[in-house]
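Please keep the sequence and the structure in view while reading.

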Amino acid sequence: MHPEEYTSNIPGDWRMNLTSQVAEYMQNRFREEIFEGPRALPNTSIPVPLLCRADRVIAAIVQAYQHPVIVNTVRHGKTLDTVASLHYQEINIPTVVLNANGNVRLWYLPGAISHAYQKDIWNSLHSLRRPLTENLNRYRLRGWRNDRELFHQAADLKGSLDLSPAWYQQGHGPPNFHPEVSKLLKSRNAHMGAHGWVNDMSEFHSLLSGTLSVIHPRMYEAGREVLIRLNDLANRRDDADMRSILPIWSSVYNSVSIMVNRATPYHIDINGREPWLDMLVTVGEYQPLDFVIPTLELRLRYMPERTSVGWDDAN
């Protein structure tokens with residue numbers, strides 16, 4: 001799909017309309033700061049607190065843009081060599097990481113989200129207490145993502161969830177199967193809290209999608225188009241669950257993974273592709289530690305003031 005094909009209109013009652021407004025504002029603010037473009041004027045329907053949060057993110061992106069770091073990719077390095085990782089280059093300020101060809105590998109944006117807003121995001125997770133706990137108990141023996149040894153044992157809230165308005169069930173890919181709404185977002189599970197959490201966090205996801213629109217415009221446009229076209233699929237298949245969640249799904253990503261009080265071992269995203277960017281947002285209070293990326297020989301500082309990170313398949 002090429003950018004010129006992104007012509008679909010967002011349905012009028014979708015939260016994605018706010019995402020588009022925020023993205024347009026953030027793109028214009030970035031041009032204003034970097035290229036001395038015309039003054040960016042926001043759509044008046046964007047809430048003022050959200051505009052202030054968007055300005056804070058743009059300030060971090062601008063600082064990162066002005067602080068590029070070039071690295072070489074180490075495809076077959078040891079991913080479990082803790083001693084070697086101590087000698088990796090450490091980054092602790094907003095930075096854009098490039099390869100030798102000048103292609104973006106990673107955006108590191110510490111401080112992009114304020115302490116107060118991160119506290120709100122953290123508090124929102126309490127509405128997911130039940131599904132977090134049930135997932136941890138149900139899948140404790142199935143892979144590292146729910147390995148009890150990786151969760152903070154003394155934490156009151158812990159667990160992990162995956163939410164999506166449309167994804168393929170494992171072993172049920174195209175062309176014989178169609179994407180489905182993830183279990184917790186199906187209408188029959190509305191009492192579990194996930195549907196309400198997506199609704200409550202729509203402004204936050206609009207902010208993150210606006211961030212993507214600045215650092216990877218083509219991926220933002222493609223993701224937006226896919227979500228809109230899913231509406232046609234939902235109507236053709238009379239999928240009530242998908243029709244229910246799409247209007248409040250404000251992210252251009254089609255899935256969100258939530259990990260609460262869990263350490264993450266070294267791993268490689270085998271489904272990643274070099275042009276794609278994932279996004280990681282960390283919130284909460286913890287001691288200083290590092291996010292280690294062996295394939296780039298980098299350590300990103302997880303500071304007490306927390307960080308926001310966007311990266312590709314290099315993790």
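Helix H2 has 18 residues and reaches 26 Å from its first C-alpha to its last, close to the 26 Å expected at 1.5 Å a residue; the expected span is 1.5 Å times one less than the number of residues. Helices (H or I, at least four residues) and strands (E, at least two) are DSSP runs, numbered from the N terminus. This is a predicted model, in which local features need pLDDT of at least 70 and side-chain atom pairs count only at pLDDT 80 or more, while totals for chains, interfaces and linings use all residues. Residues are numbered from 1 along each chain as its sequence is written, and side-chain values use heavy atoms, with hydrogens and water left out.

Within H2, the residues Leu-50, Leu-51, Ala-54, Val-57, Ile-58, Ala-60, Ile-61, Val-62 and Ala-64 are buried. Buried means under 20% relative accessible area, exposed over 50%, and partly exposed in between (1.4 Å probe, protein chains only). The cover over these buried residues of H2 includes H1, strands S1 (68-70), S3 (95-98) and S4 (104-110), and H7.

H1, one of the elements covering H2, has 20 residues and reaches 28 Å from its first C-alpha to its last, close to the 28 Å expected. Its buried residues, among them Met-16, Tyr-25, Arg-29 and Ile-34, pack against H2, H7 and helix H8 (217-236). Just after H1, Glu-36 takes a positive phi of about 55 degrees.

H1 (residues 16-35) and H7 (residues 202-215) pack at an angle of about 40 degrees, with their axes 8 Å apart. Axes are lines fitted to C-alpha atoms, for helices over the stretch in contact, and angles run from 0 to 180 degrees between N-to-C directions. H1 is therefore oblique to H7, since angles under 35 degrees count as roughly parallel, over 145 as roughly antiparallel, 65 to 115 as roughly perpendicular and the rest as oblique. Contact (heavy atoms within 4.5 Å) is made by residues including Leu-18, Val-22 and Phe-30 of H1 and Glu-203, Leu-207 and Val-214 of H7.

Trp-14 lies in the segment before H1 and is buried, with a relative accessible area of 6%. Trp-14 touches Leu-227, Ile-228, Asn-231, Leu-246 and Pro-247, not counting residues up to four places away in sequence. The C-alpha atoms of Trp-14 and Pro-247, 233 residues apart along the chain, are separated by 4.2 Å.

For the chain as a whole, there are nine helices and ten strands, and 47% of the 315 residues count as buried.
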